[in-house]
Amino acid sequence: MPVTEKALIEAGIAAGLLGSEQIGTLRLQARRERIRLVEAVTRAGRFPEAALYQALAQQRNMPFLLAKDLVPVPELLAKLPATVLQRRPMLPVQRDGQHLLALADPDDQVSTEIAERSTGVRMRAALTAPESLRAALRRHQGQAAPAVSALVDGEVDATGLFDDIMKDAYLRRATDLHFEPEQYNVRVRERVDGVLLEYGRPLTLPEGEAVVTRIKVLASLDIAEQRMPQDGSMSYRVAQWDTPPMDVRVATAPTRWGERVTMRLLGQGTTGLGLEELGMPPTILKPFRDAISRPYGIILVTGPTGSGKSTTLYAALRELDCNEMNILTVEDPIEQVVPGISQVQVSTKVSFASALRSFLRHDPDVILVGEVRDLETAETAMKAAMTGHLVLATLHTNDAIGAVTRLADIGVPHYLIGATLVGVMAQRLVRRLCPQCREPYTPDAAERERLAGALGAMPESPTLYRPVGCPACVGTGYAGRTGLYEGLWVNRAYGELIASGAREDALRESARENYYTLWEDGRAKVFEGLVPLTEVVRQVPSDAR
């Protein structure tokens, strides 16, 4: 029999996912909205239902299996009768040399006995979320997946199915959703803390087609056009949930097996953040604040797509007094709405460069440029910075010093760069260790050597931390992300060096006093126990250490 709501909620309280004092209010709320109590609990705590199952497994001292762990042992699965699996979902897996039987009910001893009798192998019961177990069985048995939502007149309820997916994305704080058509189904993945995770189950081809059509309708795209890429946007509010609407950017593309869709969920957990909340070290935060308080010049924020550049710039704008300043932005797309600021969306009729030229006739104090993509935009932004305006902009480069080379490569004169550049900040996003389950350990010789590197001094007996996994982080070992920051601040002497056309190696050598690197920040956060060493190594190139 399925696990009761009471058992799940009690386990969640014991694991610290929610407080017992919240249950009365949440029960009334669930009755008023006509939703399950578990749904109200997970929404209030903003965690998926799988976290409650992991809490229950922890309470019962059972292993817990994530969706990625549900890879069956084929020869054992083949010995389990299909009729039994339909009535009693179970999956034999192997982990760390031990045979486990994945179940959705911790009290289901009968299934364990049936599995051991059918296979002749002793197995230890392990708990997993019911939806993950059903999806794994369908995936490995090749069965068609029934719809999550009800079927009406034999048709897929695309509205309800899409709403289920968006609920899960909200609970997991996903930043992107991917609908990827394959030969026999549509794979759905969510990007959580920078890593792609499988949604609870794949969609059948009819479900996938219906959901894609639903997305295209909401994003005002042409549903009849399936052979050309399309871009659109929408604002989506989860049905029956009292949660703020999500701003979504939608992109479609034709593939071998059908039309794929990628959705960027804008502002997930980043709306309203200030500079102190981004994880900037004091050696970056103070000079950055000094830079944005200057009356003119250009400040660049660099990094790859998805590294948090826009979040940093929005936080900088919130530091400024929009009541005393005229602040204009040109973006593609507008990711967050900032009160008191005029924001312009790039379109086929409005480019970055044309918007910038227009801004100069609107008496601006501060101008934000979403991205410097070409010479015209770069020159216009730098001339605006030279004529008494503060310009904030993003650029795609690997590090801060590379921004100078990049601007020169697209044709901006060195004298203009040297005269207007105030500073460059490079950044990356890394997963932050879950504070409830992180595990201390003593680094080995290789890790100590890597941490010392060119920076030399380090603690005699350093303690590092690594991820473990608990209900609070749904077994991932990570809870959110933080930034790694690099700052290059341009003084008069360094500006003259840039204006002289110095090579990048000379710029790098001369920048040592005013240069704080990504590796230095990452190293400091490793020693603080905020992030594991593996995350910093993954994000910071070896030549940047």
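Colleague: Which residues is L530 in contact with, leaving aside its neighbours within four places in sequence?

Modeller: Contact here means heavy atoms within 4.5 Å. This is a predicted model, and in it L530 touches R432, L433, R438 and K525. L530 sits in the loop between α20 (518–528) and α21 (533–539). Its C-alpha atom is separated by 8.1 Å from that of Y465, 65 residues apart along the chain.

Colleague: Is L530 buried or partly exposed?

Modeller: Buried means under 20% relative accessible area, and exposed means over 50%. L530 has 31% relative accessibility, so it counts as partly exposed. K525, in helix α20, counts as buried because its relative accessibility is 4%.

Colleague: What does the side chain of K525 reach?

Modeller: The backbone oxygen of G279, at 2.8 Å. Beyond its sequence neighbours within four places, K525 is in contact with several residues, among them P281, T482 and V531.

Colleague: How should I read the two faces of strand β4?

Modeller: In a regular strand, side chains alternate between the two faces of the sheet. In β4 (residues 176–181), D176, H178 and E180 lie on one side and L177, F179 and P181 on the other, and all are buried.

Colleague: Which strands does β4 pair with?

Modeller: β4 pairs in the antiparallel sense with β5 (residues 185–192) over six bridges, and a hairpin of three residues joins these two strands. P181 stands opposite V186 in β5. β4 also pairs in the antiparallel sense with β10 (residues 258–266), over four bridges; there F179 stands opposite V261.

Definitions and conventions
Residues numbered from 1 in each chain as written. Predicted model: local features only at pLDDT ≥ 70, side-chain atom pairs only at ≥ 80, totals over all residues. Heavy atoms only, no water. Buried < 20%, exposed > 50% of the residue type's maximum accessible area, 1.4 Å probe, protein only. Polar contact = N/O pair within 3.5 Å; in protein donor to acceptor, adjacent residues only side chain to side chain. Pairing = 2+ DSSP bridges.
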